[in-house]
Amino acid sequence: MSKTTYTNPILPGFYPDPSICRVGEDYYMVTSTFEYFPGVPIFHSRDMINWKQIGHCLTRQSQLDLIGSKSSGGIYAPTLRYHEGRFYMVTTDTTGIGNFYVWAEDPAGEWSEPIQVKQGGIDPSLFFEEGKVYFQSNALHWNSKDGLYQSEIDLETGEILSGEPRFLWDGTGGKYPEAPHIFKRDGWYYLLVAEGGTEFTHSVTIARSRDIYGPYEACERNPILSHKGSRSRIQSTGHADFIEDHRGQWWVVFLGVRHSHYPLVHHLGRETYLAPMEWGEDGWPVVNGGELVKLNMEVDREPLASAPEGSATALWRDDFDTETLGLEWNFRRNPLEGSWSLTQHPGALTLSCLSANLDGIDQMSFVGRRHQHLESRTSTAIAFQPESDNEEAGLTIQQNATNHCEIAVTAREGEKVLLVRRRCGTLVVEKVVKDLTGEEPITLVVTSDDEWYHIGYQLDGGETTFVESVETRHLSTEMSGGFTGVYLGLYATANGAGSHNQALFDWFEYEDTTSQPLEEQGAKSQVDKKVSE
Ligand code: 6LW
């Protein structure tokens with residue numbers, strides 16, 4: 001029998017809370033996006049291993065208004081389902097309208113205006129059966145009893161048809177029962193959930209009932225997936241969705257993180273993983289044969305499709321020669337109209353120095369992409385003439401509003417300089433690393449490995465001069481808080497002042513420089529480290 005081999009994560013970097021659906025031999029997946037805009041990227045694949053982004057579900061402010069949303073506010077976990085010619089994406093705008101769904105016939109978009117569902121909680125899901133539509137969510141903040149709840153809804157209006165939401169199950173005792181999805185098989189309704197929180201004790205558990213409203217009985221082998229307490233490099237596995245492929249084999253997609261170094265932290269965000277799953281003779285699912293999931297997977301299954309032509313290359317470059325931004329780019333919150341442009345100076349990305357800076361919750365001039373690979377190199381060419389000490393523009397390595405580092409062109413006492421800033425909570429350190437008079441354009445550079453970001457610059461295309469190194473740990477989720485992962489962003493700001501100035505970015509490059517695959521070793525402990533040094 002031939003084997004399917006692939007590398008986890010299947011979506012590296014900040015792609016949490018995956019949800020998947022199939023139409024014939026085509027697979028579609030979505031992930032959560034918090035304060036980033038557009039919201040909820042949607043991917044397509046024929047083999048569930050190679051994914052290509054085809055759009056976003058939430059592209060208009062009328063669908064997603066993130067203005068004033070704090071870091072990790074906005075859009076939580078989505079669910080994607082296909083029903084009678086339409087795709088449905090249901091999610092929560094935690095700082096806006098709560099639970100809602102949008103639909104589209106073409107998953108690449110445009111998607112409909114939001115249809116609100118007035119059941120509280122997060123992690124909404126939909127289940128379709130015999131003309132009825134069931135809506136599930138958890139009990140965050142709106143019900144004193146923890147657990148997963150369900151209503152029947154009218155698909156056209158989102159109206160709840162079944163009175164008060166009904167309690168289904170509250171998991172096996174882990175905190176935050178969440179991420180419900182219902183599947184039907186052999187006359188059983190299976191309720192898949194996550195519990196234990198999204199940190200180290202994250203787990204996937206399951207229960208079933210003959211009645212969609214329960215009572216639900218738990219699988220004795222719960223959790224069916226968890227890496228808690230293991231030495232795997234992959235930790236925090238949870239928040240899963242099942243998919244039956246076009247050959248009748250089952251798989252699970254879920255989130256996990258790649259932790260580095262003791263004590264464990266991660267900075268690239270929660271990523272999307274794939275593992276095979278089977279239904280055991282006892283009628284309950286077995287994930288990956290009951291083994292821990294690995295980074296390098298070898299599964300005794302025929303590949304679902306041949307690998308797509310021209311598969312991903314390590315180098316991603318944007319010359320900003322188009323009139324619209326590529327799908328990889330995101331704003332933080334909805335961008336202010338006119339604050340960015342690809343047409344004002346054709347061939348460059350123009351960013352205006354808005355008064356908001358990277359620390360706040362206001363609309364800012366920021367265009368960024370996910371940092372996806374532990375080993376990487378990022379560079380960009382910037383042209384900027386600051387007119388006051390307030391104005392700055394550059395390249396930021398950003399976990400959230402309170403934890404970010406940047407290399408920027410700005411002025412000090414009226415003189416143009418290159419500045420490096422590290423912000424770690426309330427600790428802010430700034431350092432002028434070069435006087436810049438007359439030395440433009442300049443290339444800003446960030447390289448990374450799993451422990452360090454190295455920050456530097458190039459003049460006239462010469463050698464890179466590195467001026468600062470920053471621990472990836474200082475930008476980790478454990479240090480910074482929140483649900484997101486590091487972005488590499490271009491930005492311009494007047495730091496609270498008014499300004500009509502603009503920065504021009506001529507090009508941007510991001511390269512996966514992985515030198516060798518991450519070994520399947522456990523995360524290093526301090527002791528291991530000492531011994532190996
Ligand atoms: C999401 C919840 C979770 O809504 O974290 O890990 C929350 N799981 O299910 C934010 O992603």
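Colleague: Let's start with S236: is this residue buried or exposed?

Modeller: Here, buried means under 20% relative accessible area, exposed over 50%, and partly exposed in between, with a 1.4 Å probe and protein chains only. S236 has a relative accessible area of 3%, so it counts as buried.

Colleague: And what pLDDT do local features like this need?

Modeller: Residues are numbered from 1 along each chain as its sequence is written, and side-chain values use heavy atoms, leaving out hydrogens and water. This is a predicted model, in which totals for chains, interfaces and linings use all residues, side-chain atom pairs count only at pLDDT 80 or more, and local features need pLDDT of at least 70.

Colleague: In which strand does S236 lie?

Modeller: Helices (H or I, at least four residues) and strands (E, at least two) are DSSP runs, numbered from the N terminus. S236 has a positive phi near 65° although it is not a glycine. Its strand is β20.

Colleague: M48 has a positive phi too; near what value?

Modeller: M48 lies in the loop between β5 (39-45) and β6 (52-58). At 1% relative accessibility, M48 is buried. It is a residue other than glycine, and its phi is near 65°.

Colleague: Let's turn to rings. How many aromatic pairs does the structure hold?

Modeller: Rings of Phe, Tyr and Trp (its six-membered ring) pair if their centres lie within 6.5 Å; planes under 30 degrees apart count as stacked, over 60 as edge-to-face and the rest as tilted. Ring pairs link F14, F34, Y36, Y76, F366, F483 and Y487 into a cluster. In total, the number of aromatic pairs is 28.

Colleague: Why is the pair of F183 and F242 called tilted?

Modeller: A pair of aromatic rings is described by the distance of the centres and the angle of the planes. For F183 and F242 the centres are 5.1 Å apart and the planes stand at 35°, so the pair is tilted.

Colleague: How many residues of β28 are buried on its two faces, and which are they?

Modeller: In a regular strand the side chains alternate between the two faces of the sheet. Both faces of β28 (residues 349-352) are covered, and the buried residues are L349 and L351 on one side, with T350 and S352 on the other.

Colleague: Which residue in β39 stands opposite L351?

Modeller: β28 also pairs antiparallel with strand β27 (residues 340-341) over two bridges, with S341 opposite T350. Four bridges join β28 to strand β39 (residues 502-512), again antiparallel. Opposite L351 is A503.

Colleague: Now the ligand. How far is its oxygen atom from the side chain of T198?

Modeller: A polar contact is a pair of N or O atoms within 3.5 Å; within protein, one must be able to donate a hydrogen and the other to accept it, and residues adjacent in sequence count only if both atoms are side-chain atoms. A polar side-chain atom of E178 lies 3.2 Å from a ligand nitrogen, and an N or O atom in the side chain of H202 is 3.4 Å from a ligand oxygen. For T198 the distance from an oxygen atom of the ligand is 2.6 Å.

Colleague: What share of the ligand does the protein bury?

Modeller: Accessible areas come from the Shrake-Rupley method with a 1.4 Å probe; for residues, only the protein chains shown count as cover. Taken alone the ligand exposes 290 Å², and the share buried by the protein is 98%.

Methods
Two strands pair if DSSP finds at least two bridges between them.
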